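Okay, thanks for coming, everyone.

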Amino acid sequence: MAPSRTTALGTRSHRVPSARDQKPGSTRTLLDEDGARVRRTVLPGGLRVVTENLPGVRSAAFGIWVGVGSRDETPAQAGAAHYLEHLLFKGTERRSALDISAAIDAVGGEMNAFTSKEYTCFYARVLDVDLPLAVDVVSDLVTSALLRAKDVDGERDVILEEIAMRDDDPGDLVHEEFADAMFGRTPLGRPILGTVETIESITPRAIRAFYRRQYRPENIVVSATGNVDHVTVVRLVRKAFGPAGFLDGDAVPAVPRAGEFRTRGAGDVRVLTKTTEQANIVLGVPGIARDDDRRFALSVLSSALGGGMSSRLFQEIREKRGLAYSVFSFASHYADTGQFGVYAGCMPKKVDEVLAVCRDELVKVAASGLTDEELQRGKGQMRGGLVLGMEDTGSRMSRIGKAELLTGDLWSTADVLAAIEAVTIDDVKAIADSLLEVTPTLAVIGPFDADRDFSSAIA
């Protein structure tokens with residue numbers, strides 16, 4: 001057992017042992033709280049299986065988490081991880097694309113996948129009695145996809161349509177522009193979907209090479225939550241992954257992604273001219289990594305600043321001034337950096353006033369922090385979101401799968417609640433002062449002239 005972790009927020013009562021210290025074929029209990037036991041088995045080849053048994057539910061959520069995302073691509077490969085996510089549903093040696101979807105539809109389940117900047121997930125949620133089917137189908141498409149040239153070419157237009165749909169949604173596109181302005185021409189700055197140019201030029205050979213290089217057993221975590229039995233899940237995973245050669249070799253689980261990224265200098269302004277009814281803006285600064293203990297204080301800050309109807313931004317921009325319908329703050333975390341900022345959508349003629357209010361609230365929170373009432377509301381939002389999320393098997397499956405893949409460190413609910421409660425006014429003031437001391441980055445989309453000067457908004 002690794003030692004407990006002492007931080008500015010206190011000493012954790014429990015820390016799970018690393019999978020790299022676990023012998024292939026062995027099983028360990030990671031958490032056991034409120035009747036829900038989380039267990040991990042490391043299989044030959046480094047594949048990890050983590051489960052959480054939830055007595056009393058009749059559903060099961062099953063996911064396969066692969067430690068590859070858009071930041072693992074070269075510039076020429078931009079969009080390959082997401083492209084591959086689509087292609088794995090196009091058919092295997094045992095199933096056509098229709099067979100894959102029909103199998104889960106026939107039992108009333110749901111199945112999907114998504115790609116992020118640092119990982120890809122394939123998942124299904126079914127009745128507990130149908131878990132064997134879900135394991136077989138999802139594992140089949142991940143381990144045995146045909147990746148035929150005709151499928152690569154056929155799906156190309158679908159990806160291009162998805163890019164076009166994103167480009168037609170300024171609320172999504174502005175976040176892409178913000179990431180590009182903040183991180184520049186780096187993997188974190190590139191869009192997950194890729195670009196029209198890279199999608200049009202990528203070849204079946206390149207996709208297959210990307211798959212072979214990234215979809216390795218030591219880089220994969222299988223997670224299942226609900227009315228599941230750990231031994232049964234491990235047996236089903238062995239049966240599903242073994243024939244494809246994913247249990248061969250003596251590799252150990254991959255080390256969580258290291259932190260070496262250096263954020264591009266803040267203070268950039270990005271203006272994208274589009275004929276839209278609204279102006280969409282994101283104003284923000286570089287954030288913190290996912291394992292930074294200050295993330296609890298930052299989450300409380302974000303909740304109080306723009307996380308609900310009682311938040312400062314909602315009250316100042318929507319309730320008091322009627323300047324926007326949608327306004328919120330956000331904090332995103334990666335292995336080595338992050339983002340913290342605010343978003344608003346407003347009439348173009350109001351954009352200067354909205355930006356001024358956003359900038360003013362950021363300056364005020366950096367200078368004075370939160371009130372005690374705001375601190376307690378922020379904590380309450382976090383506690384409620386955490387506990388309510390634990391009522392859903394899909395959320396719990398994601399929790400244990402992501403924790404194992406991204407950090408190898410699973411926190412108990414009690415530990416997380418204790419860390420939230422330990423956040424003080426001074427903790428929030430310190431993180432606000434630290435992050436907001438730099439000139440923010442700004443992305444704006446709207447019907448503005450290309451030479452429109454927004455530099456005063458970040459001064």
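**Cavity, pocket and a few neighbours**

Let's start inside: the largest cavity has a volume of about 50 Å³. Before I go on, this is a predicted model, where local features need pLDDT of at least 70, side-chain atom pairs count only at pLDDT 80 or more, and totals for chains, interfaces and linings use all residues. Residues are numbered from 1 along each chain as its sequence is written, and side-chain values use heavy atoms, with hydrogens and water left out.

By cavity I mean a set of points on a 1 Å grid over the protein atoms alone where a 1.4 Å probe fits but cannot get out; a pocket is an open set with protein on both sides within 12 Å along at least five of seven lines, and lining residues have an atom within 4 Å of a point. Points are joined across faces, edges and corners, and a volume is the space filled by probe spheres set on them. Searching the whole structure turns up one cavity of 30 Å³ or more.

So which residues lie nearest the centre of that cavity? They are Leu30, Ile400, Ala403, Glu404 and Leu410, out of eleven lining residues. Strand 4 (36-42) and helix 13 (393-406) are the elements that give two or more residues to the lining, and helix 13 has the largest share, with three. Helices here are DSSP runs (H or I, at least four residues), as are strands (E, at least two), numbered from the N terminus. The lining has seven nonpolar, one polar and three charged residues. For those classes, Ala, Val, Leu, Ile, Met, Phe, Trp, Tyr, Cys and Pro count as nonpolar, Asp, Glu, Lys and Arg as charged, and the others, Gly among them, as polar.

Now the largest pocket, at about 1700 Å³. It is lined by 50 residues, and Tyr119, Arg290, His333, Lys402 and Leu406 lie nearest its centre. By class, that lining splits into 18 nonpolar, 17 polar and 15 charged.

Let's stay with arginine 290 for a moment. It sits in the loop between strand 11 (279-286) and helix 9 (295-306). Is it buried or exposed? Arginine 290 is buried, with a relative accessible area of 16%; buried is under 20%, exposed over 50%, and partly exposed in between, using a 1.4 Å probe and protein chains only. Leaving out residues up to four places away in sequence, arginine 290 touches Glu118, Arg295, His333, Tyr334, Ala335, Leu406 and Thr407, where contact means heavy atoms within 4.5 Å.

Next, a helix pair. The axes of helix 12 (372-389) and helix 14 (413-422) come within 10 Å and cross at roughly 170°, so these two helices are roughly antiparallel. Axes are lines fitted to C-alpha atoms, for helices over the stretch in contact, with angles from 0 to 180 degrees between N-to-C directions; under 35 is roughly parallel, over 145 roughly antiparallel, 65 to 115 roughly perpendicular, and the rest oblique. Among the residues that meet are Lys379 and Met382 in helix 12 and Ile420 and Glu421 in helix 14.

Last stop: helix 1 (80-87). Eight of its eight residues are buried, so helix 1 is largely enclosed by the rest of the structure. The cover includes strand 7 (110-115), strand 8 (120-127) and helix 4 (149-167).
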